[in-house]
Amino acid sequence: MSRQTVTASNAAAVGPYSHATWAGDLLFCSGQTPLDPGTGKLVDGNVADQTRQCFDNLFQILEAAGLGSDDVVSVNVYLTDMGDFGQMNEIYAARFSSPYPARTTIGCASLPLGARIEIGLTAKRHL
């Protein structure tokens, strides 16, 4: 089986991976750090600003695949400081509507390029 991948021209990748890969009707999006695709650099600011950029990048990938936020079924969030959970959660709640996707939030020691947050997600195409 050959991989069917999705690339969004306005989302950055910092390694040898696809923005997303289809597996049947499921789209597995690679984790996105808060990179500004225009500059290739991390967004300055607090974790709320970085969370917004992660979702901006992810939603660009969804759009490139013909999907939207209502198609998201699962989200994985990685935080370098669990003290940032409240700010992340506030932005998360504004980006989705009820019923919300399933979510896992993990505290980790570090992320690429010194990011404070990384977010990945899985979406489902409805035929």
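Predicted model: local features only at pLDDT ≥ 70, side-chain atom pairs only at ≥ 80, totals over all residues.

Residues are numbered from 1 along each chain as its sequence is written, and side-chain values use heavy atoms, with hydrogens and water left out.

1. Although Leu-113 is not a glycine, its phi is positive, at about 60°. The residue counts as exposed, because its relative accessibility is 55% (exposed means over 50% relative accessible area, buried under 20% and partly exposed in between, with a 1.4 Å probe and protein chains only). A cis peptide bond, with omega about 0°, joins Ser-98 and Pro-99, and Pro-99 belongs to the loop between H2 and S7. Helices (H or I, at least four residues) and strands (E, at least two) are DSSP runs, numbered from the N terminus.

2. Strand S8 and its partners. Strand S8 (residues 117-124) is mostly covered, seven of its eight residues being buried. Strand S3 (residues 26-32) runs antiparallel to S8 and is joined to it by five bridges, and strand S6 (residues 72-79) also pairs with S8 in the antiparallel sense, over seven bridges; two strands pair if DSSP finds at least two bridges between them.

3. The S2–S3 hairpin. Strand S2 (residues 20-23) is antiparallel to S3, with four bridges between them, and Ala-20 stands opposite Cys-29 of S3. The two strands form a hairpin with two residues between them, and Gly-24 in the turn has a positive phi of about 65°.

4. Gln-32. This residue of strand S3 deserves a separate look. Is Gln-32 buried or exposed? Gln-32 counts as buried because its relative accessible area is 2%. Leaving aside neighbours within four places in sequence, the residues in contact with Gln-32 include His-19, Cys-54, Asn-57, Leu-58 and Glu-118, where contact means heavy atoms within 4.5 Å.

5. Aromatic pairs. Rings of Phe, Tyr and Trp (its six-membered ring) pair if their centres lie within 6.5 Å, and planes under 30 degrees apart count as stacked, over 60 as edge-to-face and the rest as tilted. By this rule the count comes to five aromatic pairs. One of them is the tilted pair of Phe-55 and Phe-59, at 5.7 Å centre to centre with 50° between the planes; both residues lie in helix H1 (residues 47-64), four residues apart, which is about one turn of the helix, and both are buried. Phe-59 also forms an edge-to-face pair with Phe-96, at 5.9 Å centre to centre and 80° between the planes. That pair links distant parts of the chain, since Phe-59 is in helix H1 and Phe-96, 37 residues apart from it, is in the loop between helix H2 (85-95) and strand S7 (102-107). Phe-96 is buried, its relative accessible area being 7%. Phe-55, Phe-59, Tyr-92 and Phe-96 form one aromatic cluster.

6. Charges over rings. A charge sits over a ring if NZ of Lys or CZ of Arg is within 6 Å of the ring centre and within 35 degrees of the ring normal. The charged end of Arg-103 is placed in this way over the ring of Tyr-92, 4.4 Å from its centre, and that of Arg-125 over the ring of Trp-22, 3.8 Å from its centre.

7. Met-88, Ile-91 and Tyr-92 are buried in H2. Viewed down the helix axis, the buried residues of H2 fall within an arc of 105°, so they line one face of the helix; the arc is that of the directions from the helix axis to the C-beta atoms. These buried residues pack against H1, S6, S7 and S8, whereas the face of H2 turned away from its buried side carries the exposed residues Glu-90 and Ala-94.
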